[in-house]
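Me: I would like to learn how to read contacts and helices in a model. Please take the features one at a time.

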Amino acid sequence: MEDFEFSDNEVEEVINIEYDITSYPSDYTLMGLVEMFKNGDIMIPDYQRGYVWNIKQASLLIESFLIGLPVPPIFLYIDDENKNLVIDGQQRLLSIVYFFEGYFGKESLTGKRQVFKLSGLNPKNKFYNYTYNDLNDKDKRKLSSSVLRAINIRQLSPTKENTSVYHIFERLNTGGTPLKPQEIRNCVFRSDFLNKLKELNKNPSWRKVINKKEIVKNQSDIELILRVYGLAYYLSRYEKPMKEFLNKVAKSNMNACENIDSFAIAFERAAGYINSELRSKPFHLRGPFNVSLFDSVFCKILLHIDNLPANLPQRYEELLVDQKFTDLTTLATTDEKILKERFEYVETFLFSDGLH
């Protein structure tokens, strides 16, 4: 898998939203955390990097509890349903869960799991190569009642734009390579809606449209589909920055998305049409993939998919050399006024009978 580099002259924009956030500590016993995790009251974001600690790292953590050394807190985001989303500390939490279960990590492809023995410790250590069941009753009680502090975070306002979890996750996510925007959305706004976009991302015509055979590691190709959905159906509500607009679209469709099936059909038809009827690499304008060219044209073709002009390919070629359209895809492309003007211009140029 490779990253997807594109150009649309966008710059990192300031998030002009003020949040009212409350945070407070809770001291959970390890047994309590394990039970909460098993009951689904604590949720680990499902993203591709997942659990990355090795057994030595996990063993040293368990040893720290057994000998009474301090362990850094985890951060939990409390959502609207009082579920606890782990936004920092999933390696620690899963290590604890795995040790109590007796197995390290998830099942292999053959259905086997590694027995969790405390590894990497000095052979003279009292707990060297111990499993949970090897501990005596006294040490089991000590471990079970050991405390891990959690910093609980809840957004109080604005009540309708509950997207602070994205920005908190973005700032707390410091382990390894920083996650890209869509990777974070797939963590904090996980839903059937985003899962459907992941499925659409595999469509063969779509892969040809963006000129990428392989799924992109940083999920920027999925973000393009989210952008199509958002600007096709929520254009009138668009406000910059684009990143926050896409956060709101993902958040608002978490629980239900009534038009996802019709969107999926129109999306695949639009991708098929563009792949077969427009030029090769249709959105690679003057070099890289141009997102501002892509979003306006793809969205409008999707919305007009049942009534496309017969000479649309010719109109598209004329659009590409039109000076005004070039200006609209060159500077400040996510500015609200320019973006909406770009969409209106494409609507008129490609689909109005008066111009052709």
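Reply: Start with disulfides: a disulfide is a pair of cysteine sulfur atoms within 2.5 Å. The model here is predicted, so local features need pLDDT of at least 70 and side-chain atom pairs count only at pLDDT 80 or more, while totals for chains, interfaces and linings use all residues. Residues are numbered from 1 along each chain as its sequence is written, and side-chain values use heavy atoms, with hydrogens and water left out.

Me: How many disulfides does that rule give?

Reply: A disulfide is a covalent bond between the sulfur atoms of two cysteines. By the distance rule, the count is 0 disulfides.

Me: Are C257 and C299 buried or exposed?

Reply: Buried means under 20% relative accessible area, exposed over 50%, and partly exposed in between (1.4 Å probe, protein chains only). C257 counts as buried at 16% relative accessibility, and C299 is buried at 0%.

Me: What should I look for in a helix such as α2?

Reply: Helices are DSSP runs (H or I, at least four residues), as are strands (E, at least two), and both are numbered from the N terminus. The expected span of a helix is 1.5 Å times one less than its number of residues. Helix α2 covers residues 55-67, which is 13 residues, and its first and last C-alpha atoms are 18 Å apart, close to the expected 18 Å. Buried residues of α2 include I55, L61, I62 and F65.

Me: What happens at the ends of α2?

Reply: A polar contact is a pair of N or O atoms within 3.5 Å; within protein, one must be able to donate a hydrogen and the other to accept it, and residues adjacent in sequence count only if both atoms are side-chain atoms. At the start of α2, a side-chain oxygen of N54 comes within 3.1 Å of the backbone nitrogen of K56. After α2 comes G68, with a positive phi near 85°.

Me: How many salt bridges are there in the whole structure?

Reply: A salt bridge is a side-chain nitrogen of Lys or Arg within 4 Å of a carboxyl oxygen of Asp or Glu. The whole structure has 16 salt bridges. One of them joins R207 and D221, at 3.0 Å from N to O. R207 lies in helix α8 (residues 204-209) and D221 in helix α9 (residues 220-233), so this pair ties together parts 14 residues apart in sequence. Both R207 and D221 are buried.

Me: Which salt bridge partner does K340 have?

Reply: An α-helix has 3.6 residues a turn, so residues three or four places apart point the same way. K340 forms a salt bridge with E336, at 3.2 Å from N to O. The two are 4 residues apart in helix α15 (residues 336-351), or about one helical turn. K340 is partly exposed at 26% relative accessible area, and E336 is partly exposed at 32%.

Me: How many aromatic pairs does the structure hold?

Reply: A pair of aromatic rings is described by the distance of the centres and the angle of the planes. Rings of Phe, Tyr and Trp (its six-membered ring) pair if their centres lie within 6.5 Å; planes under 30 degrees apart count as stacked, over 60 as edge-to-face and the rest as tilted. The structure holds 23 aromatic pairs. F100 and Y132 have ring centres 5.0 Å apart and planes at 35°, so their pair is tilted. Both F100 and Y132 are buried.
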